[in-house]
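Trainee: I would like to learn to read a structure one feature at a time. Can we go through one together?

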Amino acid sequence: MAIVLHSSPLLWTRLAALAFSCVAFSVAVHGAQLGHGTGDWCIFCWAFSFAGTLLVILVELFGLQTKAPVSWKNFPITFACYAALLCLSASIIFPLYFLKGLSGSSSVRDYRIVVTVFSCLATIAYISEVSISKARPGEVAGYMATGPGLLKVCETFVACVIFVFVSDPVLYDRHDALKYCMAVYCICFILSAAIILLCIGECTGCLPFPFPRFLSAYAMLAVVLYLSATIIWPIFNFDPKHGGNKTRPYTCSSQPGLCLWDKRMAVAVLTGVNFILYLADLIYSTRLVFVNA
């Protein structure tokens, strides 16, 4: 089997991401003493990113792209985008839980600082890979290499983070309006994930309707749903008339990580972020339909 090695900025960026993510989870396991369940999530982010990048490099090294069961125009950049978001989340969560309030010059603290630095470096490397792989104007590329495709990745990732915040403890069972917001998050996540899987599996041609028009219709629906959730979630969590609390409790300052109020605020902010992402997706998708027409 012939080994194909073409030196390029994309290859060096992937090798850098591979090295940085490897150092991050290796040092974390070796000496960071992560006793909190959040540490397991961070290690998963780095290890998953490392394993996926290694797989992409090996497939391209041995020229196995045509034998892969997925669309190689869409898979590498989709994975790189998810890896960038995973490493970014770990770069934020890790110091928040394991460096905040930790004083002294112990070796554990030094290990955790090294982990944070290499996690940030891995994030930069993956963002660079996405930037290099992204389709340029007039360039023929897979859907996931375009703006709307990358937005789909961001939308699903933000939804996953929302699921984490609302599930431990459960934040949506106090009122039917909050359950409606949870339904919005689930419906939009499932449809966006399905679109990504269709593109990676090159199954968009199997749909009984034009794919671009479906994207526009779905983006419009998602914008309406997320707009309603962006309004409803803060009202029923922070308005005293509906049992909410608009001021942050003083006890939150002494708690490690995020308290209950912080998680509700995080969900409100992330809901607004996803609304903006879906709005940008709608503009992209509508433009795509009219340009094709």
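Mentor: Start with burial. Buried means under 20% relative accessible area, exposed means over 50%, and partly exposed lies in between, with a 1.4 Å probe and protein chains only. By that rule Thr271 is buried, because its relative accessible area is 0%. Now the ground rules. This is a predicted model, in which local features need pLDDT of at least 70, side-chain atom pairs count only at pLDDT 80 or more, and totals for chains, interfaces and linings use all residues. Residues are numbered from 1 along each chain as its sequence is written, and side-chain values use heavy atoms, with hydrogens and water left out.

Trainee: Where is Thr271 placed, and what does it touch?

Mentor: First, what counts as an element. Helices (H or I, at least four residues) and strands (E, at least two) are DSSP runs, numbered from the N terminus. Thr271 sits in helix 8. Next, contact means heavy atoms within 4.5 Å. Setting aside neighbours within four places in sequence, Thr271 contacts Ile162, Tyr185, Tyr226, Ala229 and Thr230.

Trainee: Which backbone oxygen does the side chain of Thr271 reach?

Mentor: That of Val267, at 2.6 Å. A polar contact is a pair of N or O atoms within 3.5 Å; within protein, one must be able to donate a hydrogen and the other to accept it, and residues adjacent in sequence count only if both atoms are side-chain atoms.

Trainee: Which side chain makes a polar contact with that of Thr123?

Mentor: The side chain of Ser91, at 3.3 Å. Thr123 belongs to helix 4 (residues 107-133). It is buried, at 5% relative accessible area. Beyond residues up to four places away in sequence, Thr123 touches Ala84, Cys87, Leu88 and Ser91.

Trainee: And Thr116, buried or exposed?

Mentor: Thr116 is buried, at 12%. It is also in helix 4. Leaving out neighbours within four places in sequence, its contacts are Phe94, Pro95 and Leu99.

Trainee: How many disulfides does a search of the whole structure find?

Mentor: General idea first. A disulfide is a covalent bond between the sulfur atoms of two cysteines. The cut-off here is a pair of cysteine sulfur atoms within 2.5 Å. The search finds 0. Cys22 is in no disulfide, and its nearest cysteine sulfur, that of Cys87, is 12 Å away. Cys22 is partly exposed, at 25%.

Trainee: What should helix 5 span, by its residues?

Mentor: The expected span is 1.5 Å times one less than the number of residues. Helix 5 (residues 147-167) has 21 residues, so it should span 30 Å; its end C-alpha atoms are 30 Å apart, which agrees. Helix 5 is mostly covered, with 16 of its 21 residues buried.

Trainee: How do I read a nonpolar core?

Mentor: In soluble globular proteins, nonpolar side chains tend to be buried together. A core here is a set of buried Ala, Val, Leu, Ile, Met, Phe, Trp, Tyr and Cys residues joined through side-chain atoms within 4.5 Å. The largest one has 77 residues. Trp46, Phe94, Ile162, Tyr185, Cys188, Tyr226 and Trp233 touch the most other members. Domain 1 (1-136) and domain 2 (146-292) both give residues to this core, so it lies between them.

Trainee: Where do the domain bounds come from?

Mentor: From an automatic or database domain assignment. The centres of domain 1 and domain 2, taken over C-alpha atoms, are 25 Å apart. Their contact takes 18 residues from domain 1 and 15 residues from domain 2.

Trainee: What about loops?

Mentor: Take Leu258, in the loop between helix 7 and helix 8. It is partly exposed, at 25%. Leu258 and Phe165 are 93 residues apart in sequence, yet their C-alpha atoms are 9.5 Å apart. Leu258 touches both, among others, Phe165 and Lys263.

Trainee: Which loop holds Glu202?

Mentor: The one between helix 6 and helix 7. Glu202 is exposed, at 52%. It has a positive phi of about 55 degrees, although it is not a glycine.
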